[in-house]
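The tour below moves from one selection to the next and says what is to be found at each.

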Amino acid sequence: MGTAPGPEGAGSLQKDSKVAVVKVQAVGAAPRQVTMKGLYFQQSSTSEEITFVFQERENLPVTEDNYVKLQVKACALSQINTKLLTEMKMEKDFFPVGREVAGIVLDVGSKVSFFQPGDEVAGILPLDSEDPGLCEAVRVHEHYLVHKPEKVTWTEAAGTIRDGVRAYTALHYLSHLSPGKSVLIMDGASALGTIAIQLAHHRGAKVISTACSLEDKQCLERCKPSIVRLYSKDDEPAVKLQLLPHKHDIITLLGVGGHWVTTEENLQLDPPDSHCLFLKGATVAFLNDEVWNLSNVQQGKYLCILKDVMEKLSTGVFRPQLDEPIPLYEAKVTMEVVQKNQGRKKQVVQF
C-alpha cells in the first residue's frame with residue numbers, strides 16, 4: 001500500500017506550486033507594449049489648411065465581434081473631403097489618413113464569418129474608422145473587406161479599389177450604361193478616368209474623352225479599343241486654354257434619355273438648363289461614392305461592387321495608372337501633394 005505524503009512532502013509541493021504561480025504572474029505582469037506609427041491630419045481652426053503628422057499608436061487590442069485585424073501591405077492615397085467630414089459631424093483633433101487598403105488578416109473576432117487568419121483581402125475603411133490605413137495594422141469590420149485574388153498585387157488592389165467603386169457606381173448604377181451607347185468621360189487620362197474608360201469599353205460602349213495636356217492626349221491615344229476623336233489635329237488651337245466645359249455645353253451634348261453624372265456638389269441648374277433636360281428626357285445624377293457606407297441597406301450591393309473590381313483586376317479588364325510605390329516615411333509629403341490635387345497617377349504606399 002502506498003503511504004500518504006508527509007508534511008515535508010506536502011510542503012514541498014505547495015512551495016513548488018507557489019513558485020510556479022509567481023513565475024506565471026511575473027511573465028504576464030508586464031507585457032511588452034508594441035507601438036506603431038500612423039498618419040493623421042489636423043485641420044487648422046482659422047483656415048482650410050491641413051497639416052499631416054505621424055503619431056505613435058499602441059498595439060491594437062484583442063479583435064472582437066465582427067472585426068478583423070489586418071496587416072496592411074499597401075495603402076492608396078486620395079484627397080480628403082474635409083467639407084463632408086464637417087457636414088457629417090465627424091470633426092476630430094486628429095483624423096486618420098488612408099482608407100484604401102490591402103493586406104493579410106492577422107486575427108478575427110468571434111463573430112467573423114467571411115475571413116480567417118492568413119487571408120489576403122482588400123477594402124475601403126469607412127469614414128468613421130478610428131485607425132489610419134497608413135499604419136502597419138488596422139481594425140476593420142468584415143463587411144468592408146473582400147478577398148484579393150492571388151494574381152493581383154497589393155499595390156494594384158489598394159490603388160484601384162476606390163476608383164473602381166466610383167466608376168462602377170457612375171456607369172452601372174447612375175447611368176445604366178449598356179452596349180452600343182456612347183459615353184463622354186472628362187479627363188480620361190486621370191486615375192479615375194482611366195478606370196472609367198476601361199469599364200465603359202468592357203460594357204461595349206463607345207467612349208469619347210477629353211485631355212488636359214499633350215501627355216494625357218498621347219496616353220488616351222494608346223487606349224485599346226481606341227477612343228473616339230471629335231477633332232482633327234488641324235482643329236487644335238495654337239495656344240492651349242485650360243478651360244472646363246460649361247454646364248450648358250454638357251447638357252447640349254446629352255442625347256435623348258441621356259444621363260449626366262457629376263461630382264460637382266454645388267451644381268446650379270437654371271430654368272433654361274432644366275427645360276433642355278426636360279425636352280430630352282435626360283437626367284443629372286451626383287456621384288458620391290461614400291453613400292454605400294452611409295446606409296447598411298446597400299451593404300450587399302457594395303460588397304458585390306468590391307468583388308467585381310477585384311475580379312476585373314484579376315482578368316486584366318482594369319489596368320490602373322499607378323505611380324511607383326513609396327515607403328511609409330514619404331507618405332506625409334506625398335499626401336500633401338495629393339491633397340492639393342497636383343498628381344496625375346495614383347499614389348500608393350507599400351509596406
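A salt bridge is taken here as a side-chain nitrogen of Lys or Arg within 4 Å of a carboxyl oxygen of Asp or Glu. This is a predicted model, in which local features need pLDDT of at least 70 and side-chain atom pairs count only at pLDDT 80 or more, while totals for chains, interfaces and linings use all residues. Residues are numbered from 1 along each chain as its sequence is written, and side-chain values use heavy atoms, with hydrogens and water left out.

**Stop 1: a pair within helix 9**

Select lysine 312 and aspartate 308, which form a salt bridge whose closest N and O atoms are 2.7 Å apart. Both residues belong to helix 9 (residues 299-315), and because they are four residues apart there, about one helical turn separates them. Helices (H or I, at least four residues) and strands (E, at least two) are DSSP runs, numbered from the N terminus. Lysine 312 and aspartate 308 are buried, where buried means under 20% relative accessible area, exposed over 50%, and partly exposed in between, with a 1.4 Å probe and protein chains only.

**Stop 2: salt bridges between separate elements**

Widening the view, a search of the whole structure finds 16 salt bridges. As background, side chains of opposite charge can pair when their charged atoms come close.

Select lysine 247 and aspartate 273 next, a salt bridge in which the closest N and O atoms are 3.8 Å apart. Lysine 247 lies in helix 6 (residues 247-253) and aspartate 273 in helix 7 (residues 271-280), so this pair ties together parts that are 26 residues apart in sequence. Both lysine 247 and aspartate 273 are buried.

While helix 7 is on the screen, pick out lysine 280, which lies in that helix and is buried, with a relative accessible area of 17%.

Now select arginine 166 and aspartate 289, whose salt bridge has its closest N and O atoms 3.6 Å apart. This pair links distant parts of the chain, since arginine 166 is in helix 3 (residues 154-174) and aspartate 289 is in the loop between strand 12 (283-286) and helix 8 (291-294), 123 residues apart.

**Stop 3: along helix 3**

At 1.5 Å a residue, the 21 residues of helix 3 should span 30 Å, which agrees with the 29 Å between its end C-alpha atoms; the expected span is 1.5 Å times one less than the number of residues. There is also a kink of about 35° in helix 3, centred on threonine 160, the bend at a residue being the angle between axes fitted to the seven residues ending there and the seven starting there. Helix 3 is largely enclosed by the rest of the structure, because 16 of its 21 residues are buried. Histidine 176, which follows helix 3, has a positive phi, near 50°.

**Stop 4: lysine 148**

Move to lysine 148, in the loop between strand 8 (145-147) and helix 3. Lysine 148 counts as buried, at 8% relative accessibility. Its charged end sits over the ring of tryptophan 154, 4.6 Å from the ring centre; the criterion is that NZ of Lys or CZ of Arg is within 6 Å of the ring centre and within 35 degrees of the ring normal. A polar atom of the lysine 148 side chain also lies 2.6 Å from the backbone oxygen of valine 152.

**Stop 5: the phenylalanine rings**

A search of the whole structure finds five aromatic pairs. Rings of Phe, Tyr and Trp (its six-membered ring) pair if their centres lie within 6.5 Å, with planes under 30 degrees apart counted as stacked, over 60 as edge-to-face and the rest as tilted.

Select phenylalanine 41 and phenylalanine 52, an edge-to-face pair at 6.4 Å centre to centre with 65° between the planes. Phenylalanine 41 is in strand 1 (residues 35-43) and phenylalanine 52 in strand 2 (residues 50-58), 11 residues apart. Phenylalanine 95 is in strand 4 (residues 95-96), 54 residues from phenylalanine 41. Phenylalanine 41 counts as buried at 4% relative accessibility, and phenylalanine 95 is buried at 6%. To close, colour Phe41, Phe52 and Phe95 together, as ring pairs link them into a cluster.

Terms used: Polar contact = N/O pair within 3.5 Å; in protein donor to acceptor, adjacent residues only side chain to side chain.
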